[in-house]
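Trainee: I'd like a close look at one part of this model, please. Pick the piece you'd start with and walk me through what surrounds it.

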Amino acid sequence: MKAIGQRENRWMQDVNHCVSKALVENNPVGTLFVIEDLSGIRSATERVKVKDRYVSVSWSYYDLEQKLSYKALKHHQLVEKVNPAYTSQTCPKCGHTEKTNRNKKMHFFCCKNCGYKSNDDRIGAMNLHRMGIELLVPDAVATE
């Protein structure tokens, strides 16, 4: 049983290596990668049903973060971690934040304020993009 876990771990490390390499090599010098600061995420999995827990914690986000950080540094790029709070609940169009904007089971986002609709992961990515711009140029992004 332990050998299976080690094999999966090596496979995941290889995937993280390939993903981080592709990100760094396919973006120019000076790129800012914005990622969520998911330290402490393991404690959140305690609320996940035991039968679903392995899927929730099996992806080594920390390993990807480490690989991306050192490769980005070598290519004169930067990785910044941001607070992940509400990134999938905040409307990138009007800025309205509400838990019910997001339907986790359907992976769907619909703003209760302006009606903007999209995939919830896309919404999170759009908000991370906005946060990156704000890191580069404070007060540059304004909501409608």
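Mentor: Start with helix α5: its buried residues pack against β1, β2 (78–82), β3 (102–103), β4 (108–110) and β5 (117–119). Packing here means contact, that is, heavy atoms within 4.5 Å. Helices (H or I, at least four residues) and strands (E, at least two) are DSSP runs, numbered from the N terminus. Bear in mind that this is a predicted model, where local features need pLDDT of at least 70 and side-chain atom pairs count only at pLDDT 80 or more, while totals for chains, interfaces and linings use all residues. Numbering runs from 1 along each chain as its sequence is written, and side-chain values use heavy atoms, with hydrogens and water left out.

So which residues of α5 are buried? They are Asp 120, Ile 123, Gly 124, Asn 127, Leu 128, Met 131 and Gly 132. (Buried is under 20% relative accessible area, exposed is over 50%, and partly exposed is in between, with a 1.4 Å probe and protein chains only.)

The helix covers residues 120–136, and its 17 residues should span 24 Å at 1.5 Å a residue; the end C-alpha atoms sit 25 Å apart, which agrees. That expected span is 1.5 Å times one less than the number of residues.

Now zoom in on the start of α5. There, a side-chain oxygen of Asn 119 comes to within 2.7 Å of the backbone nitrogen of Asp 121. Asp 120 has a partner too: its side chain meets that of Arg 102 in a salt bridge, 2.8 Å from N to O. (A salt bridge is a side-chain nitrogen of Lys or Arg within 4 Å of a carboxyl oxygen of Asp or Glu.) This pair ties together distant parts of the chain, with Asp 120 in helix α5 and Arg 102 in strand β3, 18 residues apart. Asp 120 counts as buried because its relative accessibility is 0%, whereas Arg 102, at 23%, counts as partly exposed.

Stepping back to the whole chain, the structure holds five salt bridges. Another of them joins Lys 81 and Asp 37, whose closest N and O atoms are 3.9 Å apart. Here Lys 81 sits in strand β2 and Asp 37 in the loop between β1 and α2 (41–44), 44 residues apart. The chain has five helices and five strands, in the order α-β-α-α-α-β-β-β-β-α along the sequence, and 27% of its 144 residues count as buried.

Methods:
Polar contact = N/O pair within 3.5 Å; in protein donor to acceptor, adjacent residues only side chain to side chain.
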